[in-house]
Amino acid sequence: MTAPVIVGTHHGAGTADALALGRWLAEAREAPLLVAVVHPAPSAIGSGRVDAEWVADRYRAAERVLAEARSTLGDPPGVEYRIIASSSAAHGLHDLAEQTGAAMLVVGSRATAPAARILAGSTAERLLAGSVCPVAVTPAGGGGAPGSAGRIGVAYVDTPDGRAALDAAAVLARQTKSELRLVTVVAGGDSALPFMIGDDAERAFLDTARETYERALRHAAATVPDLPTRWEVRSGDVVEELAALAEVDVLFCGSRGYGPARRVLLGGVSTRLLRNAVRPLVVVPRA
């Protein structure tokens, strides 16, 4: 069976954004859409035992969440709705992704997120600490509908993890017939050169860095000759520049450069993007 796109739902404003992105991704991939909600699993008898009546109440609440999701989606055919019992929402979704070989997990921002900004909640943060598939987090409303921009963004660096992000973005670009937009940010002088003194040294270093990044971007674009691709090097604060990238449907970034293979692991940039980005952010597992 084609790997499904999983949307983790809850009773909150962020669910509608996650459902919209999940539906677009599933349709683009011609993949099943699996909408899931997690409720507490009964614990073994002991000090941590969960009251059976409370568990039953949480199950009924989960049923209401799925009913809301059906209403939001318009209940199209081919969508599966599933209630999962687990010790936590992140654990339940993580297990479901492993069991189904999911293509992607999609979750929304927490309820307190500023309008049109990502603010990852605890479930998203825990999923992003070891998921076996890419994890997408949507902003709290705002922006165009998924697919309206016609561009797939990549926060590109010439590393194995940056290339993994490019590969994943290229797959979606082909499926949606979108343009690829590759962006590399050269940090501003104070960030890049805390150890150098003098404008001349700073300019020489930044010019060399820009040339290196431009060569890497040209080479990266050449690896996807079948896709319309644009690239650019920006200057400034890395997170601020990437977070403000509004002209794409989604922004792909790689995991940090160390840790277990084939797992999502947040790095410094991706962690901060999950508190600032204006477009859906997809973090790709390590290669």
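Leaving aside neighbours within four places in sequence, which residues is Phe-252 in contact with? The list runs Ile-152, Gly-153, Val-154, Ala-155, Ala-165, Ala-168, Ala-169, Leu-172, Val-282 and Val-284, where contact means heavy atoms within 4.5 Å.

A word on what you're looking at: this is a predicted model, where local features need pLDDT of at least 70 and side-chain atom pairs count only at pLDDT 80 or more, while totals for chains, interfaces and linings use all residues. Residues are numbered from 1 along each chain as its sequence is written, and side-chain values use heavy atoms, with hydrogens and water left out.

The protein chain comes to nine helices and ten strands; helices (H or I, at least four residues) and strands (E, at least two) are DSSP runs, numbered from the N terminus. Of its 287 residues, 47% are buried, meaning under 20% relative accessible area with a 1.4 Å probe, protein chains only. Among contacts with a separation of 6 or more, 76% join residues 24 or more positions apart.

Phe-252 also belongs to the largest nonpolar core, which has 45 residues, and is listed with Val-35, Val-106, Ile-152 and Leu-180 as having the most contacts inside it. A nonpolar core here is a set of buried Ala, Val, Leu, Ile, Met, Phe, Trp, Tyr and Cys residues joined through side-chain atoms within 4.5 Å. Helix α5 (residues 160–176) gives the most to this core, with eight residues. Apart from it there's another core of 35 residues, including Leu-34 and Leu-245.

Val-106 sits in strand β4. Leaving out residues up to four places away in sequence, Val-106 touches Val-5, Ile-6, Val-7 and Gly-8, among others. Val-106 and Pro-280 are 174 residues apart in sequence, yet 9.5 Å apart in space, C-alpha to C-alpha.

| Residue | Relative accessible area |
|---|---|
| Val-106 | 0% |
| Cys-133 | 2% |
| Cys-253 | 5% |

As for cysteine pairs, the structure holds zero disulfides, counted as cysteine sulfur atoms within 2.5 Å.

Finally, the pocket. The largest one is lined by 28 residues, with Thr-9, His-10, His-11, Ala-89 and Thr-123 nearest its centre. A pocket is an open set of points on a 1 Å grid over the protein atoms alone, where a 1.4 Å probe fits, with protein on both sides within 12 Å along at least five of seven lines; lining residues have an atom within 4 Å of a point. α2 gives the most to this lining, with six residues.

Note on methods: Buried < 20%, exposed > 50% of the residue type's maximum accessible area, 1.4 Å probe, protein only.
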